[in-house]
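I'm opening a notebook on this one. These are my entries, in the order I looked things up.

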Amino acid sequence: MDDEVLDAGSQKDAIPFTAKLTAFHRMAETERKNPLFKDHYAKMLIGDMTKYSEEHRYSISRDGYTIARTYYIDEYLLKPWAKFHDESQIVLLGAGLDARAYRFRPLEQNSHIIFELDFPVTIQYKTKILKDEIPLCNLVRIPTDISKHQWVSQLFNNGFSKDIPSFWIMEGLLYYVPQDASIFLLKTISDLSTHSELFADVCVPPIAGLKFGPFTRHFKWGIEKEDIHGFFQHAGWNVTCAYAEEFDQGRDVGQKGMIFVHGHKSEQNNTSVSDLVRSDREYDLSRQQLQARAIILLKKSPKEIEYVLSQYRKNPEDGIEEYHCFIKEIYRNIKQFTTLFRDISDIARISPRILADPFLKREQISNWTKEELDSHIYGFLIAILQFLYCTANNLDGSEYANSSLHDLSTRNESDKLTMLSSIISFINSELK
Ligand SMILES: C[S@@+](CC[C@H](N)C(=O)[O-])C[C@H]1O[C@@H](n2cnc3c(N)ncnc32)[C@H](O)[C@@H]1O
């Protein structure tokens, strides 16, 4: 079958097969009993793949990796991003048949714009198929070749702004782009970024050397996990990474050695996620010293939180001020505590929220309902206690998932205030 051999990195006159197969996997997920996500657009976009699926049952069924990857991006990265940025740009490099602009509900909050970049043939096809559908946010499609520099001027001509935070998504892209072009691409997007983050997936060299299967046969390069930090840093990004199987959601992600990379370009005086994750070497406090500090903070936090809550109940404005005083101190320490964890994904397992920006801006909350404000404040206070508890007790993400605190937290998911109160009681009784 011809299109099985299409090369996602070079084919310009047919829809890249890897894009179709990825969308096929999303369609299959949507039709599963308890799907991790639903993408109702995938079916419209894949066209007729009956013949291929009959002939290639194996590659069709090997969807665990793409599903786990999409879920990871949606849940761990884009959900908090969309929620905590008043305004943002999400740039899908090698967008393929991705339908996030239509299906990903968190985009309805705040003001986001999605830029989809792919070869002209993909963009034209997608535009035609989805012409009657309404996106959830602003959507701009850019037909281009990312390996040529012209895409940058196209992006600016289509409304991209350097001053707005950007999330760069390279989902299933980098290993198709030659390594030197990948470095150039990463440097370019770092230059275009102000307070920005990225996702990319990469693979270890033995996978790139496999040269078989509809995806891996086209992989051009690979990198060992321990070299990833330096590689991305050289290109202007601070990153953390995790093997895909750590986020498999119970799916078979196949070959060991596929890696999720989450990066940020940090700006000075920025209190968001970008500043939270640092290399261990930046701090010389020992693990024991940091843990001891976490214990002290854990001991005094319940009382301080109770005070914040009492002020907030009396008068939300005063309460917000108290909330800010409390989190300012905590977040100074949280930056250091994050170095005790394996990587950003491990922290996200405890609470993705801890990686988001906890500070409230006046203009941001002016349109919020009281419920939204409550949810922000209670949510961050819960995340702080969960995170301090894990740091103080030296629990990683998986150990936390098996802890009584986790059980307690999932029991009261719908009512954050009740959850917060039970967490406070739990911590108080543990510390007695
Ligand atoms: C494996 S697909 C993934 C698509 C999409 N990100 C998803 O997850 O569904 C890779 C995509 O990258 C695109 N791509 C690869 N090299 C490219 C290039 N040089 N310029 C533009 N698009 C490119 C391909 O056309 C294809 O749509």
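Predicted model: local features only at pLDDT ≥ 70, side-chain atom pairs only at ≥ 80, totals over all residues.

My residue numbers run from 1 along each chain as its sequence is written.

Then I checked burial, with C-beta atoms placed from the backbone: 20 or more other C-beta atoms within 10 Å of a residue's own make it buried, 12 or fewer make it exposed, and anything in between is partly exposed. Asn110 has 17 other C-beta atoms within 10 Å, so I noted it as partly exposed.

Where does Gln249 sit? I found Gln249 in the loop between S6 and S7. Gln249 is not a glycine either, yet it has a positive phi of about 55°. I put Gln249 down as exposed because it has 12 C-beta neighbours inside 10 Å.

**Entry: the whole chain**

I counted 20 helices and seven strands in the chain. Along its principal axes the C-alpha trace spans about 70 × 45 × 45 Å. For 432 residues a compact globule would come out near 22 Å, and the chain has 22 Å, so the two agree.

Buried residues are 43% of the 432 in the chain. For contacts I used this rule: two residues touch if their C-beta atoms, placed from the backbone, lie within 7 Å. Of the contacts with a separation of 6 or more, 73% are between residues 24 or more positions apart.

**Entry: two domains**

The chain splits into domain 1 (64–265) and domain 2 (284–431), with bounds that come from an automatic or database domain assignment. Their C-alpha centres lie 30 Å apart. Domain 1 brings 11 residues to the contact and domain 2 brings 10. On the domain 1 side, helix H5 (64–84), strand S6 (238–243) and strand S7 (258–265) each supply at least two residues. I sorted that side by class: seven nonpolar, two polar and two charged residues. My classes were Ala, Val, Leu, Ile, Met, Phe, Trp, Tyr, Cys and Pro as nonpolar, Asp, Glu, Lys and Arg as charged, and the others, Gly among them, as polar.

**Entry: around the ligand**

How many residues surround the ligand? I got 23, the closest being Thr18, Ala19, Gly94, Gly96 and Gly172; a residue counts as near if its C-beta atom, placed from the backbone, lies within 6 Å. Helix H1 (residues 17–31) gives the most to this shell, with four residues. By class I have 11 nonpolar, eight polar and four charged residues in the shell.

**Entry: the core**

I looked for nonpolar cores, meaning sets of buried Ala, Val, Leu, Ile, Met, Phe, Trp, Tyr and Cys residues joined through C-beta atoms within 7 Å. The largest has 110 residues, and Leu92, Leu93 and Ile169 are among those with the most contacts inside it. Helix H17 (residues 370–393) gives the most to this core, with 13 residues. Both domain 1 (64–265) and domain 2 (284–431) put in at least three residues each.

I followed up on Leu93. Apart from neighbours within four places in sequence, Leu93 is in contact with Leu117, Ile146, Trp168, Ile169, Met170 and Leu173.

Is Cys241 buried or exposed? I found Cys241 in strand S6, and it counts as buried because it has 23 C-beta neighbours inside 10 Å. Beyond four places in sequence, its contacts include Lys225, Ile259 and Asp343.

Leu373 lies in helix H17 and is partly exposed, with 16 other C-beta atoms within 10 Å. Past its neighbours within four places in sequence, Leu373 is in contact with Pro316, Ile365 and Trp368.

My last stop was Lys300, in helix H13 (residues 287–314). With 10 C-beta neighbours inside 10 Å, Lys300 counts as exposed. Lys300 and Asn428 are 128 residues apart along the chain, and I noted 9.8 Å between their C-alpha atoms.

How values were computed
Rg over C-alpha atoms; globule rule 2.2 N^0.38 Å.
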